[in-house]
Amino acid sequence: MSYSKELAAAKKAASLAARLCQKVQKALLQSDVQSKKDKSPVTVADYGSQALVSFVLQQEIPADFSLVAEEDSKDLRKDGGREIVDRITKLVNESITSDGSYNVTLSTEDVLEAIDSGRSQGGSQGRHWVLDPIDGTKGFLRGDQYAIALALLDGGKVVLGVLACPNLPLTIISAADQRSPNNEVGCLFFAEVGGGTYMQPLDGSSAVKVQVTAVENPEEASFFESYEAAHSMHDLSSLIAQKLGVKAPPVRIDSQAKYGALSRGDGAIYLRFPHKGYREKIWDHAAGCIVVTEAGGVVTDAAGKQLDFSRGKHLDLDTGIIVTNQKLMPLLFNAVRESIKEKAASL
């Protein structure tokens, strides 16, 4: 089964959304520090990205459209939301015009309806697009990493994924240096089931096939984790790293950009252990998961089970998510199990 038409539509939608987000972030970073406390830029970019992706997908693949996405328009429709809705509509229309494929101007109601088309619940039947319009909102506000993450589920399985990472350098990143030497940033990762993973610059020049690292010795492995301690238990990650003998300090970056970086071999391990009570959402992992697995990596929960995207909006997991290459997985899995036991015993 080929999903080439769907993949082309997904790449186009995510790239256009990335351009919209870049425009908002650039204006945000040029504005004075006072407005950094103002969350409205990320709100505008978040909703704008979702509206734009929804619009493009419905134009390109109109049949049986279903989208599971993070946002809805409820807050925007409240009193006082008008100014933000107008800003979002203006941005979306500017993006559509700059692309030139669609001769249409959307009204504010069209934009709100496009946002609300993301209310699907997903599940194991049929096809569902899965979108995080801005994954890593805190990174976005800081001027750091974020991603537009779009995947397609078919019968509950992820069959394609696209990660647009506007601030990710085109060259390898490390703990010491997350900047690009020539300031060349902006990557688009994409994968189709059975077809491998590719990366290209966001400006659309030619794509290259990528592979996870072949590192076998844990001492040579570096690992990624969430930038925000609130998103993942850094103490558990460091215990696991210690058991494995990992020497390099963790590379902490926001968003599913970690999955993209891992798919091209920047690091060897990604650990995510949310605090108790947090349920992972499918849009935080669907695109990243296929990008890594098609590049030869392995993604499981802490019990070694594959992630199940067929059960609606949430992922039901044992403890957390572990990602690495096939050679390191047995060692990593044992270190994870031992560390979880030790941590539980010390409580």
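Both F55 and Y102 are buried, where buried means under 20% relative accessible area, exposed over 50%, and partly exposed in between (1.4 Å probe, protein chains only). The structure is a predicted model, in which local features need pLDDT of at least 70 and side-chain atom pairs count only at pLDDT 80 or more, while totals for chains, interfaces and linings use all residues. Residues are numbered from 1 along each chain as its sequence is written, and side-chain values use heavy atoms, with hydrogens and water left out.

Aromatic pairs were identified among the rings of Phe, Tyr and Trp (its six-membered ring) with centres within 6.5 Å; planes under 30 degrees apart count as stacked, over 60 as edge-to-face and the rest as tilted. F55 and Y102 make an edge-to-face pair, with 5.2 Å centre to centre and 85° between the planes. This pair links distant parts of the chain, 47 residues apart: F55 belongs to helix α2 (residues 40–60), and Y102 to the loop between α3 and α4 (108–116). Helices (H or I, at least four residues) and strands (E, at least two) are DSSP runs, numbered from the N terminus. A stacked pair is formed by F190 and Y198, with 5.7 Å centre to centre and 15° between the planes. F190 is buried, at a relative accessible area of 8%, whereas Y198 is partly exposed at 29%.

Angles run from 0 to 180 degrees between N-to-C directions, and axes are lines fitted to C-alpha atoms, for helices over the stretch in contact. Within this sheet, seven bridges connect β3 (residues 147–154) and β4 (residues 157–169) in the antiparallel sense, and A149 stands opposite L163 in β4. Contact means heavy atoms within 4.5 Å.

A second open sheet has five strands in the order β9-β8-β10-β14-β12, again with mixed pairing. At its edges stand β9 (251–253) and β12 (297–301); each has a single partner strand, so one side of each is left without a neighbour in the sheet. Neighbouring strands of this sheet are turned by 20° against each other on average, direction ignored. Strand β8 (residues 223–226) runs parallel to β9 and is joined to it by three bridges; E225 has R252 of β9 as its bridge partner. Helix α6 (residues 234–244) lies across β8, β9 and β10 (269–272) at about 170° to β8. Helix α8 (residues 286–293) lies across β12 and β14 (321–325), running at about 140° to β12.

An unreviewed UniProt entry lists E70, D132, I134, D135 and D284 under "binding site". Such positions are given in the numbering used here, with feature names shortened, and annotations may be inferred rather than shown by experiment. Although the listed residues are spread over 215 residues of sequence, they cluster in space, with a largest C-alpha distance of 9.9 Å. E70 is located in the loop between β1 (67–69) and α3 (82–99) and is partly exposed, with a relative accessible area of 36%. Not counting residues up to four places away in sequence, E70 touches Q50, L131, D132, P133, I134 and W283. D132 lies in strand β2 (residues 127–135) and is buried, with a relative accessible area of 2%. Its contacts, leaving aside neighbours within four places in sequence, are E70, A147, I148, A149, W283 and D284.

The structure contains zero disulfides, a disulfide being a pair of cysteine sulfur atoms within 2.5 Å. The closest cysteine sulfur to that of C165 is in C187, at 6.4 Å, which is too far for a bond. For C289, the closest cysteine sulfur is that of C165, 15 Å away and likewise too far for a bond. C165 is buried at 0% relative accessibility, and C289 is buried at 10%.

Key: Two strands pair if DSSP finds at least two bridges between them.
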